[in-house]
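Student: I have a protein structure open and would like to learn how to read it. Could you walk me through some of its features?

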Amino acid sequence: MLTPGLEFGDNGHLYVEGCDTIALAQKYGTPLYVMNENLIRRNCKRYTSFISENFNKGSFPCYASKALSCLEIYRIMAEEKMGVDVVSGGELYTALKAEFPAERIFFHGNNKTYDELKMAVECGVGRIIVDNLTELHNLQKIATEAHKYVKIGLRIKPGIEAHTHDYIRTGQIDSKFGFSIENGEAMQAVKEALLCENLELCQLHCHIGSQIFDTQPFCDATKVMLEFFVTIHKETGLWIKELNLGGGLGASYTDTDSPLEIEEYLTPVAKTLKDVCDEFRIPEPEFHIEPGRSIVGEAGTTLYTLGNVKEIKGIRTYISVDGGMSDNIRYALYKAEYTVLNASKSQGETIDNATLAGKCCESGDLIQENISIVNPEVGDIIAVLTTGAYNYSMASNYNRILRPAMVMVKDGRSRVVIQRESYEDLLNNDI
Ligand code: LLP
């Protein structure tokens, strides 16, 4: 499987958007995150244009920046007229430093600190999605003291939980996020929010899962949420103005993944929203979603240099590279699948039963097991595909390994957007 923008050239090298990955590795060093800027922008445009054409005025998608947060991604999102979702003071700070417009930032999190809430109120984020009653009361206090009116949403558990290939519709009360509809918490939160004079309740939000390949759970969540809009109106007289369905559309990691196209996923959701609004005679709400993985996932490729090949006869061959769980923890954490290629050669004898291992001092530091790869030799550049989401953002300095650099490639040109860490960087906070 090759992700969009990838192809092998006549010289046998892997190319990303017209850039030879071997040349990129030579120029910038490895490990290296390579991001396809055209693909990121194209994905944003598909979301923004579908949403502006098919949903109510005022609707827009917010990029879930937990997937990849750095100054340049917020600049791109601003240029593409996206909103963004942030989940910490750190993500908010980065977005503001990139001059991302505060009113298009939605602030999430199940345990926002008092200081984070103050920061969000002071800079005037567009919405704070309140997770719990303590937060609601803290926010009212902060808003009163700052003489501000703050627009809020509530994080709701709709009782739908989706995984890649299936989903369940049950009471899903047992989650650390948000207020459950079925046990009355959500209605209590609505009523308490209405008592908070400096808070304006505009939005109900839910997030049903990630790496989802089916549109039905999103349609079901839309219905459950809109039914709750009706209940709220009956009990309080308030019409909620905005529905936010969170993120979740999947990306393709291997041949066996077949995620929906953005339009295929949203068309039935738009229809469900219209049908349910007609049926219940509800004013159509503004619509928001928060895609992360489906915007940046397939746009990322990680390049490593192969350092040694260790064949354990009759068992497997370990091929070890100069990164590992420090730049991609997803296999260690979730057994996440990836496509691995020898970027230095498209042809040659293929070995099976290889394990791509990292350099961390831990046997679980593997990037992928049971792979087939073309003749791996020391010095080859190894590419791992679909590493744009939740790789850099989950990277660490475990074993004091330096976090890699990131380059954006576009139309055959490349530029650094995150510098490689240096040994001095490691000592920044040491005293
Ligand atoms: N909105 C909310 C409130 C979320 O919690 C998330 C993801 C998103 C949006 C974006 O979801 P996406 O479109 O990217 O699926 N570290 C895991 C993924 C955790 C996702 C958590 N929330 C991984 O590497 O697979």
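Tutor: Gladly; we will take salt bridges, rings, the ligand and some backbone features in turn. Keep in mind that this is a predicted model.

Student: Let's start with charges. How many salt bridges does the structure hold?

Tutor: First the general idea: side chains of opposite charge can pair when their charged atoms come close. In this structure there are 22 salt bridges.

Student: Where do arginine 41 and glutamate 37 sit relative to each other in the helix?

Tutor: They both belong to helix α2, residues 37-54. Because they are 4 residues apart there, about one helical turn separates arginine 41 from glutamate 37. Both of these residues are buried.

Student: Which side chain does arginine 415 meet in a salt bridge?

Tutor: Arginine 415 meets glutamate 37, with 2.5 Å from N to O.

Student: Which residues are linked with them in a network of salt bridges?

Tutor: The network links Glu37, Arg41, Lys45, Glu72, Arg75, Glu79, Glu80 and Arg415. For another setting, look at glutamate 311 and lysine 313, which form a salt bridge at 3.5 Å from N to O. Glutamate 311 and lysine 313 are both exposed.

Student: Now the rings, please. How many aromatic pairs are there?

Tutor: When you look at two rings, check how far apart their centres are and the angle between their planes. The whole structure has 6 aromatic pairs. One of them joins tyrosine 33 and tyrosine 392, with 5.9 Å between centres and 85° between the planes. Planes over 60 degrees apart count as edge-to-face, and this pair is edge-to-face.

Student: Which parts of the chain does that pair link?

Tutor: Distant ones: tyrosine 33 is in strand β4 (residues 32-36), and tyrosine 392 is in the loop between β21 (381-385) and β22 (405-410). They are 359 residues apart. Tyrosine 33 and tyrosine 392 are both buried. Elsewhere, ring pairs make a cluster of Phe50, Phe55 and Phe287.

Student: What lies over the face of phenylalanine 60?

Tutor: A ring can have a charged side chain over its face too. Arginine 104 lies over the face of phenylalanine 60, at 4.2 Å from the ring centre. Lysine 112 takes up such a place over phenylalanine 107, at 5.9 Å from the ring centre.

Student: Let's turn to the ligand. Which residues come nearest to it?

Tutor: There are 17 residues around the ligand, and Ser210, Glu290, Arg330, Tyr334 and Tyr390 come nearest. A polar side-chain atom of arginine 330 is 2.6 Å from a ligand oxygen. The backbone takes part as well: a polar backbone atom of glycine 248 is 2.9 Å from an oxygen atom of the ligand, and a backbone N or O atom of glycine 292 is 2.9 Å from a ligand oxygen.

Student: How much of the ligand does the protein bury?

Tutor: The ligand taken alone exposes 590 Å², and the protein buries 86% of that.

Student: Last, the backbone. Which residues have a positive phi without being glycine?

Tutor: As a rule, most residues other than glycine have a negative phi, and most peptide bonds are trans. Here, glutamine 211 has a phi near 55° and arginine 281 has one of about 50°. Glutamine 211 is in the loop between β13 (199-205) and α8 (216-236); with 11% relative accessibility, glutamine 211 counts as buried. Arginine 281 is in the loop between α9 (262-280) and β15 (286-288), and at 73% relative accessible area arginine 281 is exposed.

Student: Where is a cis peptide bond?

Tutor: Look between threonine 30 and proline 31, where omega is about -10°. Proline 31 is in the loop between α1 (21-28) and β4.

How values were computed
Residues are numbered from 1 along each chain as its sequence is written. This is a predicted model: local features need pLDDT of at least 70, side-chain atom pairs count only at pLDDT 80 or more; totals for chains, interfaces and linings use all residues. Side-chain values use heavy atoms; hydrogens and water are left out. Rings of Phe, Tyr and Trp (its six-membered ring) pair if their centres lie within 6.5 Å; planes under 30 degrees apart count as stacked, over 60 as edge-to-face and the rest as tilted. Helices (H or I, at least four residues) and strands (E, at least two) are DSSP runs, numbered from the N terminus. Buried means under 20% relative accessible area, exposed over 50%, partly exposed in between (1.4 Å probe, protein chains only). A charge sits over a ring if NZ of Lys or CZ of Arg is within 6 Å of the ring centre and within 35 degrees of the ring normal. A salt bridge is a side-chain nitrogen of Lys or Arg within 4 Å of a carboxyl oxygen of Asp or Glu. A residue is near a molecule or strand if one of its heavy atoms lies within 4 Å of it. A polar contact is a pair of N or O atoms within 3.5 Å; within protein, one must be able to donate a hydrogen and the other to accept it, and residues adjacent in sequence count only if both atoms are side-chain atoms. Accessible areas come from the Shrake-Rupley method with a 1.4 Å probe; for residues, only the protein chains shown count as cover.
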